[in-house]
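Reader: I am new to this structure and would be grateful for a guided discussion. May I put some questions to you once it is shown?

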Amino acid sequence: EAFNLGGDLTSFKIPDSVTSIGEDAFASSGLTSIVIPDSVTSLGPRAFQRCYDLKSIVIGSGVQDPLKDSLIYYCSSLTSLTIKAPTKTRLMNAKT
């Protein structure tokens, strides 16, 4: 729950030294974009849920199957999702 207090933080590039992002880490934050580097191998459940302003996510190749565990649940403004690794999870209710 590191950044889930909202506020002025709208974009964030996670440093290459980070290997794990915890449960609810950015939930309900004011982020509009985020880049997750290839060094990250683990994303906790609901890491970005209820980020209503989040428009863009880039998920590096280190995370296998990044869309499990409601990672982007209730991200209603999301228009760009880039996943660099193969994923087994299917997007449900995705608009094309």
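Reader: Does Cys75 count as buried or exposed, and at what relative accessibility?

Author: The model under discussion is predicted. A residue is called buried when its relative accessible area is under 20%. The value for Cys75 is 9%, so Cys75 counts as buried.

Reader: How many disulfides does the structure hold?

Author: A disulfide is a covalent bond between the sulfur atoms of two cysteines. Here the sulfur of Cys51 has its closest cysteine sulfur in Cys75, at 5.1 Å, which is too far for a bond. The cut-off applied is 2.5 Å. Cys75 is likewise in no disulfide, and the number that the structure holds is zero.

Reader: What is the relative accessibility of Cys51?

Author: Cys51 counts as buried. Its relative accessibility is 0%.

Reader: Which pattern does the protein chain follow along the sequence?

Author: The protein chain has zero helices and six strands. Read along the sequence, the pattern is therefore β-β-β-β-β-β.

Reader: How is the aromatic pair of Phe26 and Phe48 arranged?

Author: The structure holds two aromatic pairs, one of them formed by Phe26 and Phe48. Their ring centres lie 5.3 Å apart, with 10° between the planes. Planes under 30 degrees apart count as stacked, so the arrangement of Phe26 and Phe48 is stacked.

Reader: How many residues apart in sequence are the parts that this pair ties together?

Author: Phe26 lies in the loop between β2 (20-21) and β3 (33-36), while Phe48 lies in the loop between β4 (42-43) and β5 (56-59). Both residues are buried. Because the two partners sit in these separate loops, the pair ties together parts whose distance in sequence is 22 residues.

Reader: What distance separates the C-alpha atoms of Ala25 and Ala47?

Author: Ala25 is placed in the loop between β2 and β3, and is buried with a relative accessible area of 8%. Along the chain, Ala25 and Ala47 are 22 residues apart. Their C-alpha atoms are separated by 5.0 Å.

Reader: Which residues touch the most other members of the largest nonpolar core?

Author: In soluble globular proteins, nonpolar side chains tend to be buried together. The largest nonpolar core has 20 residues, and the elements giving two or more residues to this core are β3 and β5. Beyond four places away in sequence, Ile21 touches residues including Phe26, Ile36 and Ala47. The members of the core that touch the most others are Ile21, Ile36 and Phe48.

How values were computed. Residues numbered from 1 in each chain as written. Predicted model: local features only at pLDDT ≥ 70, side-chain atom pairs only at ≥ 80, totals over all residues. Heavy atoms only, no water. Phe/Tyr/Trp six-rings, centres within 6.5 Å; stacked < 30°, edge-to-face > 60°. Helix = DSSP H or I, 4+ residues; strand = E, 2+ residues; numbered from the N terminus. Buried < 20%, exposed > 50% of the residue type's maximum accessible area, 1.4 Å probe, protein only. Core = buried A, V, L, I, M, F, W, Y, C linked by side-chain atoms within 4.5 Å. Contact = heavy atoms within 4.5 Å.
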